[in-house]
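User: I would like to learn how to read a few features of a protein model. Can we go through them one at a time?

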Amino acid sequence: MEEAQRRIEAVFRIEWARLVAGLARFVHGDLGTAEELAQDALVAALETWPQDGIPREPGAWLMQVAKNRALKRIDRQKRWEKKEAELTRAMEDRQECSADAIEEAADDDVGDDLLRLIFASCHPILSAESRVALTLRVVGGLTTEEIASAFLISEATAAQRIVRAKKTLAESGAAFEVPRGRELAERLSSVLEVIYFVFNEGYVATAGGEWMRPALCEDALRLGRILAELVPNEAEAHGLVALMEIQASRIDARTLPDGTPIPLFEQNRARWDRFSSSAVCAL
Amino acid sequence: MKFIVLGHANKDTEAGVLPSPEEFDKMGKFVEELVKAGVFVAGEGLLPSSKGARITFGSGGKTSIKNGPFTESKELIAGFSIIQVKSLDEAIAWMSRTPSPEGSSLEIRQLFSDEDFAPVDPTGDLREHDAKLREQAAKQHGNS
């Protein structure tokens, strides 16, 4: 891949979750549309950034481009509805909300959107595998290809899981909100399960010929750290990060230099990564 | 993978000029962004080289000591951060956002991971010893 394109994709990757999260609220929790708009913004970036350079605030740039596209869509939809004389009161309300949401979005806390996105992608109405695929895609910023290779499934299967998950969410009318009260505990468990599943999949790598896939462990750790920052008062989130840190610190001790696995009871505990272990004990 | 990001020194850092409250605030916000993204591992700022020294190892076990300041300020370091990201491109993407003053520069270098030493340490004994020392050091500093 060309260097300029790699650079742009790296910028895009670190903006992805916040972009999708902000757009998802903008389009009332429709993750499918949010992702499409985000992809459109990437295309626009790939067209303009190589000449103009990467803007100073790429996140704001991408969000603006994506929102302009969203507004065009709403506009098109409006015109079409007028023409067809099928403008129902319900749709009108929805569009008014969309226009208001632009103003709102400018002030709202980005963290809230990200948290909404995490709760949506880990929604209990989705199957376990759909939750995992959707979370890695929309929050982790992995491509369908990367998800497919991580779980040793075909790219078509991975894409299908994600599409199905978004469709299920849209059809269920699940609110794009951070759950409150008693629901929060239940929904948080689902989020923690998804993150730990990703971690374990990397750690045990049951599905693969490769015995361990540290990249997946790193993805899970990153998701865990992001979550713990978003819900600082939830001890379970911090507990999960600590647990993953302990296990991740054993990764280097689990294989011989040629990649042969070493059973746990034969592992040399001195080789467990002290840096990670001490991070746990400092908590 | 982990990277160390080295901030190069300039006249101001070498003169011990502290950042203004605004600069300090901007940098704090940037680090906060890194922490929120689960990327930041550690970071520190360095005092001017006038507070440091250099040791050169000569022939026959002779060492020579030179006290700071050191003049070739282009090679001097004024601070560092350690980050954990997926690729060098991602490290570049993040660190390009550092609110550094005009004319300053950063160097990004990947850190060795434990497996990288396998060719020179096939039995793992040296790494094991190294891990023990790290554990001891962590304990001494109350991190363990």
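User: How much accessible surface does chain B have, and what share of it belongs to carbon and sulfur atoms?

Analyst: This is a predicted model, in which local features need pLDDT of at least 70 and side-chain atom pairs count only at pLDDT 80 or more, while totals for chains, interfaces and linings use all residues. Residues are numbered from 1 along each chain as its sequence is written, chains are lettered from A and ligands numbered from 1 in the order in which they are written, and side-chain values use heavy atoms, leaving out hydrogens and water. Accessible areas come from the Shrake-Rupley method with a 1.4 Å probe; for residues, only the protein chains shown count as cover. For chain B the accessible surface is about 9600 Å², and 56% of it belongs to carbon and sulfur atoms.

User: Is Phe57(B) buried or exposed?

Analyst: Buried means under 20% relative accessible area, exposed over 50%, and partly exposed in between (1.4 Å probe, protein chains only). Phe57(B) has a relative accessible area of 66%, so Phe57(B) is exposed. Across chain B, 28% of the 144 residues are buried.

User: And Ser121(A), buried or exposed?

Analyst: Ser121(A) is buried because its relative accessible area is 0%.

User: Which residues does Ser121(A) touch?

Analyst: Contact means heavy atoms within 4.5 Å. Leaving aside residues up to four places away in sequence, Ser121(A) touches Leu126(A), Arg131(A), Leu134(A), Thr135(A), Val138(A) and Val139(A).

User: What share of contacts in chain B join residues at least 24 apart?

Analyst: Among contacts between residues at least 6 apart in sequence, the share in chain B is 70%.
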